[in-house]
Amino acid sequence: MLQVLCHRKPRTQLSRGNNNWEQLISNISQPCGDMVIGCRFGAVDYQCERMFQPIITDEGLCCVINMLHPRFMYKHNVPLTLRNWNESKRYRAVDWHAELGYSRNLGSDYYPRSSLGTGESLGMSLMLNVEADAYYCSSSNSIGFKIALHSPNESPNVRETGVLLSPGLETKLRIEPSKMMTELSLRHVHRKYRHCLFQNEGNLSYFAHYTQRNCEMECMSRLLLQRCGCVVFYMPRINGNDTVCSIREAQCVESVRLHTIGHVVESCLDNCLPSCFDLTYQAITYATKISYNDFRHANAHMRNLSQAYVERNIAVVNLYYKDHTFRANKQTEFIGISDFLSNVGGLMGLFLGFSFLSIAECVYFALIRPCRICAQLRQQRAVSALELGRGGGDRATPPVVVPIKRTKVHVSAMMPHQQWQRQRQRQRQRAWQPQQHIYPANWFQAELSQQYNLA
């Protein structure tokens with residue numbers, strides 16, 4: 001089993017089964033009390049054994065601090081290493097989430113704890129002992145430590161995101177947090193378009209809190225059960241009695257882990273969307289060689305160690321925040337209803353000279369004026385039908401007497417050229433007389449009045 005953990009080819013056949021890998025790794029790994037020999041947080045020294053808890057990760061046994069209590073972290077099947085959680089009598093375990101934050105009425109002593117300030121003095125300082133002489137194998141090509149920064153409510157990804165710490169060096173990690181926030185009004189938008197999930201939307205089977213990392217671990221665990229018939233020792237055992245993979249399934253496990261199977265892996269991971277409220281940490285590292293004399297005088301419990309032992313086994317790391325505040329990214333609607341209306345109004349005002357008075361004009365010319373014209377045409381048709389109906393019907397129409405004007409015909413004995421001159425003079429007189437013009441709009445009314453006059 002040790003050869004399997006060290007990625008070496010075993011000399012004997014290893015049978016498949018539900019081997020107690022967690023217990024084996026806990027027994028052969030360095031305890032947290034021997035690994036972390038000095039810790040200081042907020043300018044106060046603490047006992048490291050009470051602050052750090054052992055946890056099984058993809059790099060073996062690791063020591064975690066400021067993580068959620070298992071009763072808030074998991075729904076069932078709590079890992080074996082976390083079942084004996086060292087309960088602190090002083091600090092009370094509380095729940096925390098990036099979207100909801102802490103609960104109310106916390107008090108003064110609780111964990112996960114928040115930072116007491118910025119700078120190296122109020123940060124966390126750790127003194128680590130690698131015990132190089134006790135090494136049997138390493139997951140990498142070097143001897144030292146890996147440190148991974150993660151959210152308190154998610155499982156750490158030490159292999160892929162861990163930062164190397166070398167013995168004999170003092171390393172400073174300047175932490176820069178990054179937070180993603182989302183408008184609550186985006187809940188009505190489908191998750192396919194907003195590309196994130198709120199706290200109550202991601203329903204996981206093993207973890208109590210939804211994060212993209214927790215979702216991916218459950219997804220990979222299901223894929224391993226489907227493709228290889230087993231799960232890796234550090235992955236969630238969703239069914240509780242899942243078989244742990246042996247060296248014979250190593251190639252299948254690597255194919256699933258490196259996404260070389262095909263569209264099955266991609267479709268599974270595509271469903272693990274980021275959280276709408278997420279908190280991540282980026283670390284900027286600086287390292288320098290430890291000065292033995294100064295280091296020996298500053299740490300009383302290190303005075304019995306030789307310079308060669310310190311340079312080969314001891315590593316110092318300081319973690320701290322740079323600023324009191326940090327910038328957060330907030331997801332909102334790209335174009336809301338108010339933005340859409342303002343953009344449409346601006347474009348109409350720019351190209352059409354549109355205004356509120358133009359709205360009244362559009363309503364008038366589009367609705368009111370056509371209605372009025374239709375009403376006038378109906379009225380005119382009714383009047384015409386009434387006039388035409390006077391000549392028929394059951395009631396007799398009285399006779400109309402048209403007087404005939406008699407004119408006398410005078411026979412003139414003038415010459416033709418004299419008659420032409422007189423006719424020419426009459427035409428000139430008619431031309432000088434004022435003429436009555438009838439506009440097309442009043443034509444129908446003039447016709448009606450002329451008919452009344454004839455009657």
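Start by selecting C39 and C48: these two form a disulfide (a pair of cysteine sulfur atoms within 2.5 Å), with their sulfur atoms 2.5 Å apart. The torsion about their S-S bond is -125 degrees, a left-handed link. Both C39 and C48 are buried, where buried means under 20% relative accessible area, exposed over 50%, and partly exposed in between (1.4 Å probe, protein chains only).

A word on what you are viewing: this is a predicted model, in which local features need pLDDT of at least 70 and side-chain atom pairs count only at pLDDT 80 or more, while totals for chains, interfaces and linings use all residues. Residues are numbered from 1 along each chain as its sequence is written, and side-chain values use heavy atoms, leaving out hydrogens and water.

Next, pick C32 and C63, a disulfide with sulfur atoms 2.1 Å apart. The torsion about this S-S bond is about -105 degrees, so the disulfide is left-handed. C32 is buried, at 10% relative accessible area.

Now move to C215 and C272, whose sulfur atoms lie 2.2 Å apart in another disulfide. This link is left-handed too, with -75 degrees about the S-S bond, and both cysteines are buried. A search of the whole structure finds six disulfides.

For contrast, select C374. Its sulfur is 6.5 Å from the closest cysteine sulfur, in C371, too far for a bond. C374 is partly exposed, at 36% relative accessibility.
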